[in-house]
Amino acid sequence: MASSLLSRQLALSLQHNLRLAAPGCRYVSKTATKSEVDFDYDAPSMKTEVPGPKSMELLKQLGDIQNVGAINFFCNYDESRGNYLVDADGNRMLDVYTQISSIPIGYNHPALMKVMANPHNLSSFVNRPALGILPPENFPEKINESLLSVAPSGMSRVQTMACGSCSNENAYKAMFIWYRNKVRGHNSPSDEEVTTCMINQTPGCPDLSILSFMGGFHGRTLGCLATTHSKAIHKLDIPSFDWPIAPFPRLQYPLEQFARENAQEEARCLEEVEDLIEKWRKKGRPVAGIVIEPIQAEGGDNHASPDFFLKLRDIARKHGCAFHVDEVQTGCGATGKFWAHEHWGTDDPADIVSFSKKMLTGGYYHRDELQADKAYRIFNTWMGDPSKNLFLSEVLNVIRRENLLEEVTRSGKALLQGLYALQAQYPDLLSRARGQGTFCAIDIKDDATRNSILLKTRNKGVILGGCGDRTIRFRPALIFKEYHVHLFLNIFNDVLREI
(Lines give C-alpha, C1' and ligand atoms only; values in the text may rest on other atoms or scores of the structure.)
Protein backbone atom coordinates (compact mmCIF):
# COMPACT_ATOMS: atom_id res chain seq x y z
CA MET A 1 0.00 0.00 0.00
CA ALA A 2 1.18 3.51 -0.77
CA SER A 3 1.30 4.75 2.80
CA SER A 4 1.35 3.24 6.26
CA LEU A 5 -1.89 2.75 8.15
CA LEU A 6 -2.70 5.48 10.60
CA SER A 7 -3.91 4.83 14.11
CA ARG A 8 -5.45 7.06 16.73
CA GLN A 9 -7.87 7.09 19.65
CA LEU A 10 -11.18 8.88 19.80
CA ALA A 11 -12.78 10.10 23.02
CA LEU A 12 -15.89 11.86 21.82
CA SER A 13 -19.59 11.24 22.33
CA LEU A 14 -22.89 12.82 21.42
CA GLN A 15 -24.88 14.80 24.02
CA HIS A 16 -28.30 13.29 24.72
CA ASN A 17 -30.02 16.20 22.99
CA LEU A 18 -28.03 17.83 20.20
CA ARG A 19 -28.79 21.50 19.72
CA LEU A 20 -27.50 24.54 17.93
CA ALA A 21 -27.48 27.42 20.38
CA ALA A 22 -27.33 30.07 17.66
CA PRO A 23 -26.93 30.28 13.91
CA GLY A 24 -23.42 29.20 13.03
CA CYS A 25 -22.82 27.41 16.31
CA ARG A 26 -20.81 24.17 16.09
CA TYR A 27 -21.76 20.84 17.61
CA VAL A 28 -19.90 20.03 20.82
CA SER A 29 -19.41 16.52 22.22
CA LYS A 30 -18.68 15.64 25.81
CA THR A 31 -16.19 12.96 26.76
CA ALA A 32 -17.51 9.41 26.75
CA THR A 33 -16.16 5.89 26.47
CA LYS A 34 -13.14 5.82 24.20
CA SER A 35 -13.42 4.03 20.90
CA GLU A 36 -10.63 3.09 18.54
CA VAL A 37 -10.38 3.13 14.78
CA ASP A 38 -7.01 1.68 13.83
CA PHE A 39 -6.84 2.58 10.17
CA ASP A 40 -8.87 5.78 9.75
CA TYR A 41 -7.75 9.32 8.99
CA ASP A 42 -8.46 12.12 11.47
CA ALA A 43 -10.44 14.52 9.27
CA PRO A 44 -11.08 15.64 5.71
CA SER A 45 -8.26 17.43 3.89
CA MET A 46 -9.03 19.38 0.72
CA LYS A 47 -6.45 20.60 -1.82
CA THR A 48 -8.65 21.46 -4.81
CA GLU A 49 -12.26 21.71 -5.80
CA VAL A 50 -13.75 18.38 -6.79
CA PRO A 51 -13.27 17.28 -9.48
CA GLY A 52 -9.72 18.62 -9.51
CA PRO A 53 -7.37 19.06 -12.48
CA LYS A 54 -6.12 15.46 -12.49
CA SER A 55 -9.66 14.09 -12.38
CA MET A 56 -10.63 16.42 -15.22
CA GLU A 57 -7.74 15.18 -17.35
CA LEU A 58 -8.63 11.55 -16.64
CA LEU A 59 -12.25 12.32 -17.46
CA LYS A 60 -11.18 13.60 -20.84
CA GLN A 61 -9.14 10.44 -21.48
CA LEU A 62 -11.94 8.08 -20.49
CA GLY A 63 -14.44 10.16 -22.45
CA ASP A 64 -12.70 9.05 -25.63
CA ILE A 65 -13.51 5.45 -24.66
CA GLN A 66 -16.97 5.47 -23.05
CA ASN A 67 -19.77 7.68 -21.74
CA VAL A 68 -18.56 9.52 -18.62
CA GLY A 69 -21.65 11.57 -17.82
CA ALA A 70 -22.21 9.93 -14.44
CA ILE A 71 -18.59 10.08 -13.21
CA ASN A 72 -18.05 12.38 -10.21
CA PHE A 73 -14.26 12.17 -9.95
CA PHE A 74 -11.41 9.65 -10.07
CA CYS A 75 -10.19 7.96 -6.90
CA ASN A 76 -6.91 6.92 -5.34
CA TYR A 77 -8.00 3.73 -3.61
CA ASP A 78 -4.48 2.95 -2.39
CA GLU A 79 -4.56 6.03 -0.15
CA SER A 80 -8.19 5.69 0.97
CA ARG A 81 -8.69 4.51 4.57
CA GLY A 82 -11.63 3.62 6.75
CA ASN A 83 -14.36 6.22 6.34
CA TYR A 84 -12.26 8.37 4.01
CA LEU A 85 -12.06 8.31 0.23
CA VAL A 86 -9.06 10.01 -1.42
CA ASP A 87 -9.39 11.31 -4.97
CA ALA A 88 -6.83 11.50 -7.77
CA ASP A 89 -5.93 15.07 -6.76
CA GLY A 90 -5.19 14.14 -3.16
CA ASN A 91 -8.45 15.41 -1.66
CA ARG A 92 -9.43 13.35 1.38
CA MET A 93 -13.18 13.21 1.97
CA LEU A 94 -15.39 11.70 4.66
CA ASP A 95 -17.46 9.24 2.66
CA VAL A 96 -21.08 9.14 3.81
CA TYR A 97 -22.24 7.54 0.56
CA THR A 98 -19.72 4.65 0.24
CA GLN A 99 -19.96 3.68 -3.43
CA ILE A 100 -23.76 3.81 -3.45
CA SER A 101 -23.99 2.03 -0.09
CA SER A 102 -21.72 -0.86 -0.99
CA ILE A 103 -18.67 -0.56 1.33
CA PRO A 104 -19.41 -2.49 4.54
CA ILE A 105 -16.42 -1.82 6.82
CA GLY A 106 -14.56 1.03 5.16
CA TYR A 107 -11.71 1.31 2.69
CA ASN A 108 -8.65 -0.95 2.98
CA HIS A 109 -9.79 -2.57 6.21
CA PRO A 110 -6.84 -4.49 7.72
CA ALA A 111 -8.94 -7.64 8.15
CA LEU A 112 -9.72 -7.70 4.43
CA MET A 113 -6.11 -6.94 3.52
CA LYS A 114 -5.14 -10.03 5.51
CA VAL A 115 -7.61 -12.11 3.50
CA MET A 116 -5.87 -10.90 0.34
CA ALA A 117 -2.43 -11.66 1.77
CA ASN A 118 -3.29 -15.19 2.91
CA PRO A 119 -1.58 -17.61 0.47
CA HIS A 120 -4.33 -20.19 1.06
CA ASN A 121 -6.78 -17.80 -0.62
CA LEU A 122 -4.73 -17.15 -3.75
CA SER A 123 -6.45 -19.70 -5.95
CA SER A 124 -9.85 -18.14 -5.17
CA PHE A 125 -8.64 -14.82 -6.57
CA VAL A 126 -6.74 -16.23 -9.53
CA ASN A 127 -9.29 -18.80 -10.72
CA ARG A 128 -12.89 -17.67 -11.15
CA PRO A 129 -14.97 -20.81 -11.71
CA ALA A 130 -18.23 -21.39 -13.51
CA LEU A 131 -19.95 -22.13 -10.21
CA GLY A 132 -23.02 -23.77 -11.70
CA ILE A 133 -21.01 -26.65 -13.15
CA LEU A 134 -17.52 -26.66 -11.58
CA PRO A 135 -17.55 -25.17 -8.07
CA PRO A 136 -14.45 -25.39 -5.86
CA GLU A 137 -14.33 -28.19 -3.32
CA ASN A 138 -14.63 -25.76 -0.37
CA PHE A 139 -17.67 -23.95 -1.78
CA PRO A 140 -20.31 -25.54 0.51
CA GLU A 141 -18.13 -24.84 3.55
CA LYS A 142 -17.59 -21.21 2.57
CA ILE A 143 -21.30 -20.67 1.86
CA ASN A 144 -22.14 -21.99 5.31
CA GLU A 145 -19.51 -19.78 6.95
CA SER A 146 -20.67 -16.67 5.15
CA LEU A 147 -24.11 -16.39 3.58
CA LEU A 148 -25.97 -19.06 5.51
CA SER A 149 -24.66 -17.79 8.84
CA VAL A 150 -26.84 -14.69 8.37
CA ALA A 151 -29.78 -16.28 6.52
CA PRO A 152 -33.16 -14.60 7.09
CA SER A 153 -35.65 -16.36 9.32
CA GLY A 154 -37.16 -19.48 7.78
CA MET A 155 -34.62 -19.75 4.96
CA SER A 156 -31.84 -22.32 4.62
CA ARG A 157 -31.21 -22.03 0.88
CA VAL A 158 -29.29 -19.36 -1.00
CA GLN A 159 -28.54 -18.86 -4.68
CA THR A 160 -25.43 -16.80 -5.36
CA MET A 161 -25.25 -14.24 -8.15
CA ALA A 162 -22.91 -11.42 -9.12
CA CYS A 163 -24.87 -8.19 -8.59
CA GLY A 164 -28.17 -6.77 -7.40
CA SER A 165 -29.88 -6.69 -10.78
CA CYS A 166 -29.06 -10.30 -11.67
CA SER A 167 -30.06 -11.33 -8.15
CA ASN A 168 -33.51 -9.85 -8.60
CA GLU A 169 -33.83 -10.95 -12.23
CA ASN A 170 -33.22 -14.57 -11.29
CA ALA A 171 -35.41 -14.31 -8.19
CA TYR A 172 -38.24 -13.21 -10.51
CA LYS A 173 -37.60 -16.27 -12.68
CA ALA A 174 -37.73 -18.48 -9.58
CA MET A 175 -41.11 -17.00 -8.65
CA PHE A 176 -42.51 -17.58 -12.14
CA ILE A 177 -41.25 -21.18 -12.24
CA TRP A 178 -42.73 -21.86 -8.79
CA TYR A 179 -46.05 -20.31 -9.78
CA ARG A 180 -46.41 -22.27 -13.03
CA ASN A 181 -45.56 -25.58 -11.33
CA LYS A 182 -48.15 -24.77 -8.68
CA VAL A 183 -50.80 -24.12 -11.34
CA ARG A 184 -49.89 -27.29 -13.25
CA GLY A 185 -49.76 -29.38 -10.12
CA HIS A 186 -46.47 -30.86 -11.33
CA ASN A 187 -43.20 -29.76 -12.93
CA SER A 188 -43.46 -31.50 -16.30
CA PRO A 189 -44.29 -29.06 -19.14
CA SER A 190 -46.44 -30.15 -22.06
CA ASP A 191 -45.10 -30.52 -25.60
CA GLU A 192 -47.02 -27.39 -26.54
CA GLU A 193 -45.38 -25.40 -23.75
CA VAL A 194 -41.93 -26.58 -24.82
CA THR A 195 -42.62 -25.65 -28.45
CA THR A 196 -44.27 -22.26 -27.89
CA CYS A 197 -41.69 -20.98 -25.42
CA MET A 198 -39.10 -21.06 -28.21
CA ILE A 199 -41.09 -18.45 -30.17
CA ASN A 200 -42.04 -16.32 -27.14
CA GLN A 201 -45.67 -17.38 -27.23
CA THR A 202 -48.15 -18.72 -24.69
CA PRO A 203 -48.59 -21.14 -23.07
CA GLY A 204 -44.82 -21.78 -22.93
CA CYS A 205 -44.17 -18.11 -22.15
CA PRO A 206 -47.17 -17.48 -19.89
CA ASP A 207 -48.84 -14.15 -19.28
CA LEU A 208 -47.78 -13.70 -15.68
CA SER A 209 -46.86 -10.54 -13.81
CA ILE A 210 -45.04 -9.18 -10.78
CA LEU A 211 -46.58 -6.42 -8.71
CA SER A 212 -44.21 -3.62 -7.75
CA PHE A 213 -44.50 -0.16 -6.19
CA MET A 214 -44.20 3.36 -7.52
CA GLY A 215 -40.85 4.75 -6.40
CA GLY A 216 -39.26 1.31 -6.20
CA PHE A 217 -35.87 0.43 -7.66
CA HIS A 218 -34.91 -3.19 -8.35
CA GLY A 219 -32.31 -2.95 -11.11
CA ARG A 220 -31.77 -2.21 -14.77
CA THR A 221 -32.12 -5.57 -16.52
CA LEU A 222 -35.35 -6.05 -18.48
CA GLY A 223 -37.42 -7.81 -15.84
CA CYS A 224 -36.09 -5.59 -13.06
CA LEU A 225 -36.77 -2.44 -15.10
CA ALA A 226 -40.41 -3.45 -15.35
CA THR A 227 -40.54 -3.19 -11.55
CA THR A 228 -38.36 -0.06 -11.29
CA HIS A 229 -40.21 3.26 -11.04
CA SER A 230 -37.78 5.75 -9.52
CA LYS A 231 -36.33 7.78 -12.41
CA ALA A 232 -37.39 8.06 -16.06
CA ILE A 233 -33.78 7.93 -17.30
CA HIS A 234 -33.56 4.32 -16.11
CA LYS A 235 -36.49 3.23 -18.29
CA LEU A 236 -36.63 5.55 -21.30
CA ASP A 237 -36.64 3.79 -24.71
CA ILE A 238 -36.57 0.29 -23.18
CA PRO A 239 -39.53 -2.03 -23.94
CA SER A 240 -41.28 -3.31 -20.84
CA PHE A 241 -44.04 -5.54 -19.52
CA ASP A 242 -47.63 -4.75 -18.64
CA TRP A 243 -47.29 -5.43 -14.92
CA PRO A 244 -49.23 -3.81 -12.07
CA ILE A 245 -47.74 -0.86 -10.14
CA ALA A 246 -49.15 -0.05 -6.70
CA PRO A 247 -48.72 3.19 -4.76
CA PHE A 248 -46.16 3.13 -1.95
CA PRO A 249 -47.25 4.95 1.22
CA ARG A 250 -46.22 8.58 1.36
CA LEU A 251 -45.83 9.14 5.08
CA GLN A 252 -45.98 12.50 6.82
CA TYR A 253 -43.35 13.50 9.38
CA PRO A 254 -42.85 13.59 12.29
CA LEU A 255 -44.55 10.20 12.47
CA GLU A 256 -45.95 10.63 15.98
CA GLN A 257 -47.85 13.74 14.89
CA PHE A 258 -49.45 12.05 11.89
CA ALA A 259 -50.21 8.55 13.16
CA ARG A 260 -53.85 8.61 12.03
CA GLU A 261 -53.12 10.11 8.61
CA ASN A 262 -50.28 7.67 7.96
CA ALA A 263 -52.38 4.68 8.96
CA GLN A 264 -55.04 5.82 6.49
CA GLU A 265 -52.43 6.25 3.77
CA GLU A 266 -51.07 2.75 4.30
CA ALA A 267 -54.58 1.28 4.31
CA ARG A 268 -55.28 3.04 1.00
CA CYS A 269 -52.16 1.56 -0.57
CA LEU A 270 -52.93 -1.94 0.68
CA GLU A 271 -56.45 -1.73 -0.70
CA GLU A 272 -55.01 -0.70 -4.06
CA VAL A 273 -52.67 -3.72 -3.99
CA GLU A 274 -55.61 -6.09 -3.62
CA ASP A 275 -57.53 -4.29 -6.34
CA LEU A 276 -54.60 -4.55 -8.74
CA ILE A 277 -54.09 -8.26 -8.05
CA GLU A 278 -57.74 -8.87 -8.87
CA LYS A 279 -57.65 -6.60 -11.93
CA TRP A 280 -54.62 -8.36 -13.41
CA ARG A 281 -56.16 -11.74 -12.72
CA LYS A 282 -59.18 -10.72 -14.76
CA LYS A 283 -56.87 -9.44 -17.52
CA GLY A 284 -55.39 -12.93 -17.77
CA ARG A 285 -52.03 -11.87 -16.33
CA PRO A 286 -52.14 -13.12 -12.76
CA VAL A 287 -49.67 -11.78 -10.24
CA ALA A 288 -47.08 -14.48 -9.49
CA GLY A 289 -45.13 -12.36 -7.02
CA ILE A 290 -44.91 -9.07 -5.15
CA VAL A 291 -41.56 -7.30 -4.84
CA ILE A 292 -40.81 -4.49 -2.40
CA GLU A 293 -37.92 -2.78 -0.60
CA PRO A 294 -38.10 -2.42 3.20
CA ILE A 295 -37.09 1.21 2.57
CA GLN A 296 -37.38 2.58 -0.95
CA ALA A 297 -33.84 3.86 -1.41
CA GLU A 298 -33.26 5.16 -4.94
CA GLY A 299 -36.85 6.36 -5.03
CA GLY A 300 -36.37 8.81 -2.15
CA ASP A 301 -35.82 6.88 1.10
CA ASN A 302 -39.52 6.19 1.55
CA HIS A 303 -40.51 4.31 4.71
CA ALA A 304 -43.59 2.37 5.76
CA SER A 305 -44.59 0.88 9.10
CA PRO A 306 -44.01 -2.75 10.13
CA ASP A 307 -47.79 -3.14 10.12
CA PHE A 308 -47.90 -2.21 6.43
CA PHE A 309 -45.37 -4.88 5.49
CA LEU A 310 -46.99 -7.56 7.64
CA LYS A 311 -50.38 -6.90 6.04
CA LEU A 312 -48.78 -6.93 2.60
CA ARG A 313 -47.24 -10.29 3.43
CA ASP A 314 -50.71 -11.56 4.36
CA ILE A 315 -52.16 -10.26 1.09
CA ALA A 316 -49.50 -12.17 -0.86
CA ARG A 317 -50.40 -15.39 0.98
CA LYS A 318 -54.12 -14.81 0.48
CA HIS A 319 -53.73 -14.46 -3.29
CA GLY A 320 -51.11 -17.17 -3.78
CA CYS A 321 -48.32 -14.74 -4.71
CA ALA A 322 -44.68 -15.15 -3.75
CA PHE A 323 -43.41 -12.33 -1.52
CA HIS A 324 -39.99 -10.98 -2.47
CA VAL A 325 -38.18 -8.54 -0.17
CA ASP A 326 -35.39 -6.69 -1.97
CA GLU A 327 -32.63 -6.01 0.60
CA VAL A 328 -29.93 -5.12 -1.93
CA GLN A 329 -29.38 -1.70 -0.34
CA THR A 330 -30.91 -2.16 3.12
CA GLY A 331 -29.17 -5.44 4.00
CA CYS A 332 -25.95 -6.06 5.96
CA GLY A 333 -26.56 -3.90 8.99
CA ALA A 334 -27.15 -0.33 7.84
CA THR A 335 -30.47 -0.04 9.69
CA GLY A 336 -29.07 -1.34 12.99
CA LYS A 337 -30.30 -4.88 12.31
CA PHE A 338 -28.62 -7.18 9.85
CA TRP A 339 -31.72 -7.25 7.66
CA ALA A 340 -34.10 -4.30 7.58
CA HIS A 341 -37.08 -6.66 7.54
CA GLU A 342 -36.10 -7.74 11.08
CA HIS A 343 -37.64 -4.47 12.25
CA TRP A 344 -41.03 -5.93 11.27
CA GLY A 345 -40.86 -8.40 14.15
CA THR A 346 -41.94 -11.56 12.33
CA ASP A 347 -40.30 -14.95 11.87
CA ASP A 348 -41.95 -15.34 8.45
CA PRO A 349 -40.90 -12.20 6.58
CA ALA A 350 -40.74 -13.38 2.97
CA ASP A 351 -40.46 -16.17 0.43
CA ILE A 352 -37.40 -14.59 -1.21
CA VAL A 353 -34.86 -12.07 0.11
CA SER A 354 -32.36 -10.68 -2.40
CA PHE A 355 -29.06 -9.05 -1.48
CA SER A 356 -25.90 -7.45 -2.87
CA LYS A 357 -23.94 -4.21 -2.22
CA LYS A 358 -22.53 -4.39 1.36
CA MET A 359 -22.74 -8.18 1.16
CA LEU A 360 -19.98 -7.94 -1.49
CA THR A 361 -21.66 -10.66 -3.54
CA GLY A 362 -25.14 -10.97 -4.96
CA GLY A 363 -27.86 -13.54 -4.69
CA TYR A 364 -31.12 -14.40 -3.01
CA TYR A 365 -32.27 -16.52 -0.10
CA HIS A 366 -35.47 -18.47 -0.59
CA ARG A 367 -37.83 -20.97 0.95
CA ASP A 368 -37.53 -24.59 -0.11
CA GLU A 369 -40.48 -24.44 -2.46
CA LEU A 370 -38.79 -21.71 -4.54
CA GLN A 371 -35.88 -24.02 -5.37
CA ALA A 372 -35.49 -24.39 -9.16
CA ASP A 373 -36.88 -27.75 -10.22
CA LYS A 374 -34.37 -28.50 -13.01
CA ALA A 375 -30.75 -27.79 -13.85
CA TYR A 376 -29.96 -24.69 -15.92
CA ARG A 377 -33.24 -22.92 -15.14
CA ILE A 378 -31.49 -20.50 -12.78
CA PHE A 379 -28.06 -20.27 -14.31
CA ASN A 380 -25.29 -18.18 -15.83
CA THR A 381 -21.56 -18.64 -16.31
CA TRP A 382 -20.21 -17.33 -13.01
CA MET A 383 -23.24 -17.30 -10.68
CA GLY A 384 -21.28 -15.22 -8.20
CA ASP A 385 -17.63 -15.19 -7.18
CA PRO A 386 -16.13 -17.45 -4.46
CA SER A 387 -13.50 -14.83 -3.58
CA LYS A 388 -16.27 -12.50 -2.44
CA ASN A 389 -17.45 -15.14 0.04
CA LEU A 390 -13.98 -15.04 1.62
CA PHE A 391 -14.30 -11.29 2.06
CA LEU A 392 -17.87 -11.59 3.34
CA SER A 393 -16.85 -14.14 5.98
CA GLU A 394 -14.29 -11.69 7.33
CA VAL A 395 -16.73 -8.77 7.17
CA LEU A 396 -19.15 -10.80 9.29
CA ASN A 397 -16.35 -11.61 11.75
CA VAL A 398 -15.59 -7.90 12.09
CA ILE A 399 -19.28 -7.03 12.54
CA ARG A 400 -19.58 -9.56 15.37
CA ARG A 401 -16.22 -8.89 16.98
CA GLU A 402 -16.65 -5.11 17.04
CA ASN A 403 -20.42 -5.13 17.72
CA LEU A 404 -20.96 -2.97 14.68
CA LEU A 405 -24.75 -3.31 14.66
CA GLU A 406 -24.79 -1.65 18.07
CA GLU A 407 -22.38 0.96 16.71
CA VAL A 408 -24.71 1.64 13.80
CA THR A 409 -27.63 2.09 16.19
CA ARG A 410 -25.67 4.61 18.31
CA SER A 411 -24.31 6.53 15.35
CA GLY A 412 -27.69 6.47 13.64
CA LYS A 413 -29.37 7.97 16.69
CA ALA A 414 -26.77 10.73 16.79
CA LEU A 415 -27.12 11.36 13.06
CA LEU A 416 -30.91 11.54 13.16
CA GLN A 417 -30.91 13.81 16.21
CA GLY A 418 -28.46 16.08 14.43
CA LEU A 419 -30.65 16.16 11.33
CA TYR A 420 -33.66 17.04 13.50
CA ALA A 421 -31.70 19.91 15.02
CA LEU A 422 -30.59 21.24 11.64
CA GLN A 423 -34.12 20.85 10.30
CA ALA A 424 -35.39 22.98 13.17
CA GLN A 425 -32.75 25.64 12.49
CA TYR A 426 -33.26 25.71 8.71
CA PRO A 427 -36.99 25.00 8.25
CA ASP A 428 -37.07 26.74 4.87
CA LEU A 429 -34.37 24.41 3.57
CA LEU A 430 -34.84 21.03 5.29
CA SER A 431 -37.78 18.76 6.07
CA ARG A 432 -38.82 15.16 6.72
CA ALA A 433 -35.65 13.91 8.47
CA ARG A 434 -36.05 10.14 8.78
CA GLY A 435 -34.14 6.92 9.10
CA GLN A 436 -33.29 3.63 10.77
CA GLY A 437 -29.76 3.14 12.04
CA THR A 438 -27.47 5.20 9.81
CA PHE A 439 -29.79 4.56 6.85
CA CYS A 440 -31.04 8.15 7.05
CA ALA A 441 -32.29 10.88 4.74
CA ILE A 442 -33.58 14.43 4.69
CA ASP A 443 -35.51 16.39 2.07
CA ILE A 444 -34.26 19.67 0.62
CA LYS A 445 -36.61 22.42 -0.53
CA ASP A 446 -36.03 21.70 -4.24
CA ASP A 447 -33.88 19.70 -6.62
CA ALA A 448 -31.55 22.59 -7.58
CA THR A 449 -30.81 23.42 -3.94
CA ARG A 450 -30.24 19.73 -3.15
CA ASN A 451 -27.70 19.43 -5.96
CA SER A 452 -25.95 22.63 -4.88
CA ILE A 453 -25.68 21.36 -1.31
CA LEU A 454 -24.19 18.06 -2.51
CA LEU A 455 -21.46 19.88 -4.47
CA LYS A 456 -20.68 22.41 -1.74
CA THR A 457 -20.50 19.70 0.89
CA ARG A 458 -18.17 17.65 -1.29
CA ASN A 459 -15.84 20.63 -1.75
CA LYS A 460 -15.69 20.94 2.03
CA GLY A 461 -14.72 17.29 2.36
CA VAL A 462 -17.89 15.19 2.74
CA ILE A 463 -19.39 12.89 0.09
CA LEU A 464 -23.18 12.54 0.16
CA GLY A 465 -25.70 11.10 -2.28
CA GLY A 466 -29.04 12.15 -3.64
CA CYS A 467 -32.18 10.12 -4.26
CA GLY A 468 -35.77 10.78 -5.21
CA ASP A 469 -36.77 14.23 -6.41
CA ARG A 470 -35.05 16.32 -3.72
CA THR A 471 -33.67 14.03 -1.03
CA ILE A 472 -30.17 13.64 0.39
CA ARG A 473 -29.42 10.13 1.61
CA PHE A 474 -26.77 9.06 4.08
CA ARG A 475 -25.07 5.70 3.52
CA PRO A 476 -21.92 5.47 5.65
CA ALA A 477 -19.95 2.31 6.35
CA LEU A 478 -20.75 0.28 9.45
CA ILE A 479 -17.61 1.70 11.13
CA PHE A 480 -19.04 5.25 11.00
CA LYS A 481 -18.91 6.38 14.63
CA GLU A 482 -20.39 9.28 16.61
CA TYR A 483 -17.14 11.15 16.07
CA HIS A 484 -17.71 11.00 12.33
CA VAL A 485 -21.33 12.06 12.79
CA HIS A 486 -20.08 15.28 14.44
CA LEU A 487 -17.55 15.93 11.71
CA PHE A 488 -20.29 15.61 9.12
CA LEU A 489 -22.87 17.68 11.01
CA ASN A 490 -20.44 20.57 11.49
CA ILE A 491 -19.53 20.67 7.81
CA PHE A 492 -23.15 20.25 6.75
CA ASN A 493 -24.16 23.13 9.02
CA ASP A 494 -21.45 25.32 7.48
CA VAL A 495 -22.81 24.60 4.02
CA LEU A 496 -26.42 25.26 5.03
CA ARG A 497 -25.39 28.63 6.50
CA GLU A 498 -24.02 29.62 3.10
CA ILE A 499 -27.12 28.68 1.09
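What volume does the second largest pocket have? About 960 Å³. Keep in mind as you explore that the model on your screen is predicted.

**Stop 1: the second largest pocket**

Start by selecting Lys173, Phe176, Gly204, Cys205 and Pro206. Of the 28 residues that line this second pocket, these lie nearest its centre. Next, colour helix 6 and helix 7 (191-197), the elements that each give two or more residues to the lining here. Helix 6 gives the most, with eight residues. If you now colour the lining of the second largest pocket by class, you will find 13 nonpolar, five polar and ten charged residues.

**Stop 2: the largest pocket**

Now move on to the largest pocket, which has a volume of about 1200 Å³. Select Ala70, Asn72, Tyr97, Ile100 and Arg473 to get your bearings: among the 46 lining residues, these are the closest to the centre of the largest pocket.

Then bring up the elements around them. Helix 2 (98-101), helix 6 (164-184), helix 9 (232-235), helix 14 (447-459) and strand 15 (465-467) each supply at least two residues of this lining. Colouring the lining of the largest pocket by class shows 21 nonpolar, 14 polar and eleven charged residues.

**Stop 3: back to helix 6**

Note on methods. Residues are numbered from 1 along each chain as its sequence is written. This is a predicted model: local features need pLDDT of at least 70, side-chain atom pairs count only at pLDDT 80 or more; totals for chains, interfaces and linings use all residues. Side-chain values use heavy atoms; hydrogens and water are left out. On a 1 Å grid over the protein atoms alone, a cavity is a set of points where a 1.4 Å probe fits but cannot get out, and a pocket is an open set with protein on both sides within 12 Å along at least five of seven lines; lining residues have an atom within 4 Å of a point. Grid points are joined across faces, edges and corners, and a volume is the space filled by probe spheres set on the points. Helices (H or I, at least four residues) and strands (E, at least two) are DSSP runs, numbered from the N terminus. Ala, Val, Leu, Ile, Met, Phe, Trp, Tyr, Cys and Pro count as nonpolar, Asp, Glu, Lys and Arg as charged, and the others, Gly among them, as polar.
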